[in-house]
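I opened a new notebook page for this structure. My plan is to look up a few things and write down what I find.

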Amino acid sequence: MSAYEVLVSNITQSFLDHGYESMTMIKLAKCCNITRRGLYHHFSSKEEAFHAMVVQNNENTRRDSLREGGRLLSTGANVLDIITAILDVRYGDTRRKLALSPYALEVNDYAFRLCRPAMIEAAALFQADFAALLERAVESGLLMLLPSISIKTLVQLLCDGARGTNQSFFAPAPEEIAARYREMSRAILYGCAEPAKP
């Protein structure tokens, strides 16, 4: 991990420990065990530091989730296990970190307020890579889609479901997140109801 990545990791922990609103650059520097000058060398404001935190988290979870999905695909794991693992790393890791913070709602709120364009860009990149991985699952015979459903549509449904799980009023406990993603993915992949017969 580079010195910059370590700094951003420390910034992440600082915002999780102290929240966004009460944070100042002076406090952030102290929390990160760096001089104010050193912090200002990288970031001109707490907003910029916060933005870097969100960007790095998205890059890390994107990379790690696709790596895990690729690893499982190469072992011939079933597609539900692959999808659950990808969603759990991409979305669950962040949710579990937030669950430990007394400032989770505040940090989440500011992420959407200040970093929406970066979050949209990260989502688009992730979904394109996720679609490519599922295309490999189709090519290897692990997944057969209905003719009316595209890989892109499937990925959008899965990602919307995972994001909805995280933002729901009845969000799962941290230890139950993966199971919730699995059930949601199973329902999307295989359905959970049929039309009633007249």
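**Entry 1: the model.** I note before anything else that this is a predicted model.

**Entry 2: the largest nonpolar core.** I looked up which residues of the largest nonpolar core touch the most other members. They are I83, L87, F130 and L134, in a core of 29 residues. I then listed the elements that give two or more residues to this core: helix 4 (46–74), helix 5 (79–99), helix 6 (104–139), helix 7 (151–167) and helix 8 (177–190). Helix 5 supplies the largest share, eight residues.

I picked L134 and looked up its contacts, leaving out residues up to four places away in sequence. L134 touches V79, I83, L143, I151, L154, V155 and L158. Another core, of 24 residues, lies apart from the largest one. I wrote down L7, F15, F50 and A52 as being among its members.

**Entry 3: A137.** I found A137 in helix 6. Is A137 buried or exposed? The cut-off for buried is under 20% relative accessible area. A137 has a relative accessibility of 1%, so I count A137 as buried. Not counting residues up to four places away in sequence, A137 touches L73, V79, L142 and L143. I also looked up the separation between A137 and A77, which are 60 residues apart along the chain. Their C-alpha atoms are separated by 9.9 Å.

**Entry 4: N58.** I found N58 in helix 4. The relative accessible area of N58 is 12%, so by the same cut-off of under 20% I count N58 as buried. Which residues does N58 touch, not counting those up to four places away in sequence? I listed R90, M119 and A122. With R90 there is also a polar contact of 3.0 Å, joining the two side chains.

**Entry 5: the largest pocket.** I looked up the volume of the largest pocket and wrote down about 600 Å³. Its lining has 23 residues. N58 turned up again here: N58, T94, N108, F112 and M119 are the lining residues nearest the centre of the pocket. The elements that give two or more residues to the lining are helix 1 (3–18), helix 4, helix 5, helix 6 and helix 7. Which helix gives the largest share of the lining? I found that helix 6 does, with eight residues. Last, I sorted the lining by residue type and got 11 nonpolar, seven polar and five charged.

Terms used: Residues numbered from 1 in each chain as written. Predicted model: local features only at pLDDT ≥ 70, side-chain atom pairs only at ≥ 80, totals over all residues. Heavy atoms only, no water. Core = buried A, V, L, I, M, F, W, Y, C linked by side-chain atoms within 4.5 Å. Buried < 20%, exposed > 50% of the residue type's maximum accessible area, 1.4 Å probe, protein only. Helix = DSSP H or I, 4+ residues; strand = E, 2+ residues; numbered from the N terminus. Contact = heavy atoms within 4.5 Å. Polar contact = N/O pair within 3.5 Å; in protein donor to acceptor, adjacent residues only side chain to side chain. 1 Å grid on protein atoms, 1.4 Å probe; cavity = no way out; pocket = protein on both sides within 12 Å on 5 of 7 lines; lining within 4 Å. Points joined across faces, edges and corners; volume = space filled by probe spheres on them. Nonpolar A, V, L, I, M, F, W, Y, C, P; charged D, E, K, R; others polar.
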